[in-house]
Amino acid sequence: DLYSIGEMVVDFIPGTEEASYIRKAGGAPANVAIGVSKNGLNASMCCKVGDDEFGRFLMDTLAEYHVEAACKELCKEAITTMAFVTHKEAGERVFTFVRKPGADMMLSEKDVKEEDIKNSIIIHAGSCSLSAQPEKDATVKAMRLGYENKRLVSFDVNYRNLMWNNDVNACVKAVKDILKYVDLLKLSGEEIEMMG
């Protein structure tokens, strides 16, 4: 039913003890795939994770929630991308990414199979995977193939300034370049302003 492409990362969220963190599976496209599967539909996730304990944890998480891994090969060129989440007093989340580079960035066009796109109803992606190559080309290919094969294409702007080196305009340009493929667009209030 759903083919999701992009980042799957390890989120470290605040624990109950001061300065402690709890490991969780994360990444917006992966969260969508897991949510779809939890609701009784079939989902696949096309992502790259590292050949490390965190990568294996993420692949096990996909299996646990019956999400098919569209790209089963673990990445040897980079470690699994991590995001440390902290909260400001007002409750606003602040992200610190371990991604220089991260395995999610290593997803390439060859990892995107047209057969997987044709066998899906909805193709879903987000802007984080447009922030670095070769992952950007892989994401654009999946959305283009979805559009060409008359599938619904869903896109989440999900702006994270650190992934874009604080360059809002680069994100806006990348998103505007792919809008021609998109049927369903998800934006937060801040992202509506950002996009103009």
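Modeller: Ground rules: it's a predicted model, so local features need pLDDT of at least 70, side-chain atom pairs count only at pLDDT 80 or more, and totals for chains, interfaces and linings use all residues. Residues are numbered from 1 along each chain as its sequence is written, and side-chain values use heavy atoms, with hydrogens and water left out.

Biologist: Why is the pair of Phe12 and Phe54 called edge-to-face?

Modeller: Rings of Phe, Tyr and Trp (its six-membered ring) pair if their centres lie within 6.5 Å, with planes under 30 degrees apart counted as stacked, over 60 as edge-to-face and the rest as tilted. Phe12 and Phe54 have ring centres 5.7 Å apart and planes at 80°, so the pair is edge-to-face.

Biologist: What makes Phe12 count as buried or exposed?

Modeller: Buried means under 20% relative accessible area, exposed over 50%, and partly exposed in between (1.4 Å probe, protein chains only). Phe12 has 11% relative accessibility, so Phe12 counts as buried. Phe54, at 26%, is partly exposed.

Biologist: And why is the pair of Tyr21 and Phe84 edge-to-face?

Modeller: Their planes are at 90° and their centres 5.4 Å apart, so that pair is edge-to-face. Ring pairs link Phe12, Tyr21, Phe54 and Phe84 into a cluster.

Biologist: How do you know that Arg23 lies over the face of Phe57?

Modeller: A charge sits over a ring if NZ of Lys or CZ of Arg is within 6 Å of the ring centre and within 35 degrees of the ring normal. Arg23 lies over the face of Phe57, at 3.7 Å from the ring centre.
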